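Thanks for coming, everyone. Let me put the structure up, and then I'll walk you through it.

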Amino acid sequence: MTISPAAISDRGVVRDLNEDRYAVISVDDTTVWVVCDGMGGVAGGDLAAQLAVDAIRRTVIRDTGEELLEIVKSSLLEANRVIVLRRQNPAFVNMGTTAVAFGVRDDEVVIANIGDSRAYWFSDTGLRQLTTDHTLVQTLVEHGELKIEDALNHPQAHVLTRCLGASTSPDIDILDMCLNFDGSSGSLLMCTDGLYSLVTDEEISDIMSKNPPETACARLITLAKDRGGFDNITAAIIPVEGRLVTTASLPENYKRRVKKNRNQMPIIIGGNIPFSLKVVWCGVLGILGALSSILIQSSRLLSSIQY
C-alpha cells in the first residue's frame, strides 16, 4: 500500500499573517519539496517566502535535466537573487526567508537548508535531525557557551545568522545522500521553528510512529497551537522507500537504482499558489479550448463541402 505525503501550514494562534510557504515540484523523475519561513512582517515576510517558492519552482522545471545536487543548489541561489533584488526597494529592505529543501531522484537525495527551518529523518530507529540551524544560539552551542537543552529557551533563540536575501553570496548547507533499498523505509519531516519550538523530538517521534502523514501533520500543528502557537507553523511529512544513508556507507556491491520515467508534465502542489500562476494556467486552458472549437468547426465545414 502506497502512503501519500502530506503538508499543512497554519498561521498559528498569535500571528495575523502566515509568512510560511511550502511546495512540491515533480517533473520527470525529479521531485523537490521546499519549506520556507519568511521574515519582515508587514514589510515583506510572506512575500519573501512566496518569491523563494516561485523561484525554486521555476528553476526545478527549467533545470530538470541537470544533476540533482545542481538543481537544488541553483534553485536556492535563484531564490536568493530574486529576494536580494526586491530588497532594493526601501519598503522591503528587511525581507528574507529561511529555506529547507528535499530533492529526490531514483536513489539520489539532496537536502539543503539556510536559516532555522529543519529536516528530520524518521524511521524505526527514531527521529534524527539532519540539518543544522543557522542561529545565534546554535553558534553559542557549538562554541560551548550554551547548553543545547537551553537553546530554545534563550531570549535570542530565533536570531538568524543566515537566510535567503541577506547576502548576494549565501552560505547554503547541502547534504548529498542516497537511499539504500534494503527493504526498510522511513519518512522525511520538514518543518518551521513554529513546530519544533513547542513540540519536542520525543513527541514528534511518537505522533509520527502512530499516524499516517496527513493525520500526523494535523496533530503536530494542533499540539503546537495548544501550547500557544506563537509563530506560524508548517509541517510536511514525506514517506520514503529505503534507508537514508551517506553514499560512502553503501556496500561495495550495491547497485544504484535508476528509473526511466521521462517526458512527464510537471506536477506542482503548494500552499498559497500565486494568483498570477492560476490566471496563466486558466489562460492556457482557454486558448486550448478555443483551438479545439476552431478545429471542430473546420472539420464540420470540410465535411459539408465534401458532401
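I'll start with helix α2. Its buried residues are Leu68, Ile71, Val72, Ser75, Leu76, Glu78, Ala79, Asn80, Val82, Ile83 and Val84. Keep in mind that this is a predicted model.

What do those buried residues pack against? For the buried residues of α2, the partners are β3, α1, β4, β5 and β6. β4 covers residues 96–97.

Val72 is then in contact with Val32, Ala101, Gly103, Val110 and Ala112.

Now Val84, also in helix α2. Not counting residues up to four places away in sequence, Val84 touches Gly165, Ser167 and Thr168. How far apart are Val84 and Ala166, in sequence and in space? They are 82 residues apart along the chain, yet 7.0 Å apart in space, C-alpha to C-alpha.

**The cores**

The largest nonpolar core has 29 residues. Which ones have the most contacts inside that core? They are Cys36, Ile56, Val60, Val72, Leu76, Ile83 and Leu164. The elements that give two or more residues to this core are β2, β3, α1, α2, β5 and β6. For orientation, α1 is 45–62 and α2 is 68–86. The strands β3, β5 and β6 are 30–39, 99–105 and 108–114. The top contributor is α1, with 8 residues.

There is a second, separate core of 22 residues. Among its members are Tyr22, Val24, Val104 and Met190.

**Two aspartates with positive phi**

Now two backbone details. Asp28 is not a glycine, although its phi is positive, about 55°. Where is Asp28? It is in the loop between β2 and β3. Is Asp28 buried or exposed? Asp28 is buried, because its relative accessible area is 14%, and the cut-off for buried is under 20%.

Asp106 is another case. Its phi is near 55°, again a positive value in a residue other than glycine. Asp106 is in the loop between β5 and β6. With a relative accessible area of 12%, Asp106 is buried.

**Salt bridges**

How many salt bridges does a search of the whole structure find? It finds 13.

Look at Arg162. Its side chain meets that of Asp171 in a salt bridge, at 3.5 Å from N to O. Arg162 also has a salt bridge with Asp173, at 3.1 Å. Asp173 lies in strand β9, residues 173–191, and Arg162 in the loop between α3 and β9, so this pair ties together parts that are 11 residues apart in sequence. What about accessibility? Arg162 counts as partly exposed, at 24%. Asp173 is partly exposed at 25%. Asp171 is partly exposed too, at 47%.

Now move to Glu19. Glu19 forms a salt bridge with Arg15, and the closest N and O atoms are 3.8 Å apart. Glu19 is buried, at 7% relative accessibility. Arg15 is partly exposed, at 32%. A network of salt bridges links Arg15, Glu19 and Asp231.

Which residues make the nonpolar patch of about 290 Å²? Val13, Val14 and Phe230 make it. Val14 lies in the loop between β1, which is 6–10, and β2, which is 20–27. Val14 counts as partly exposed, because its relative accessibility is 49% and the exposed class starts over 50%.

**The chain as a whole**

Last, the overall numbers. The chain has 7 helices and 11 strands. Of its 307 residues, 46% count as buried. The chain exposes about 16000 Å², and carbon and sulfur atoms supply 55% of that. Consider contacts between residues at least 6 apart in sequence. Of those, 73% join residues at least 24 apart.

That's the tour. Over to you.

How values were computed
Residues numbered from 1 in each chain as written. Predicted model: local features only at pLDDT ≥ 70, side-chain atom pairs only at ≥ 80, totals over all residues. Heavy atoms only, no water. Patch = residues over 30% accessible without salt bridge, like charges linked within 9 Å, V, L, I, M, F, W, Y side chains within 5 Å. Areas by Shrake-Rupley, 256 points an atom, 1.4 Å probe, with all protein chains shown as cover. Salt bridge = Lys/Arg side-chain N within 4 Å of Asp/Glu carboxyl O. Helix = DSSP H or I, 4+ residues; strand = E, 2+ residues; numbered from the N terminus. Buried < 20%, exposed > 50% of the residue type's maximum accessible area, 1.4 Å probe, protein only. Core = buried A, V, L, I, M, F, W, Y, C linked by side-chain atoms within 4.5 Å. Contact = heavy atoms within 4.5 Å.
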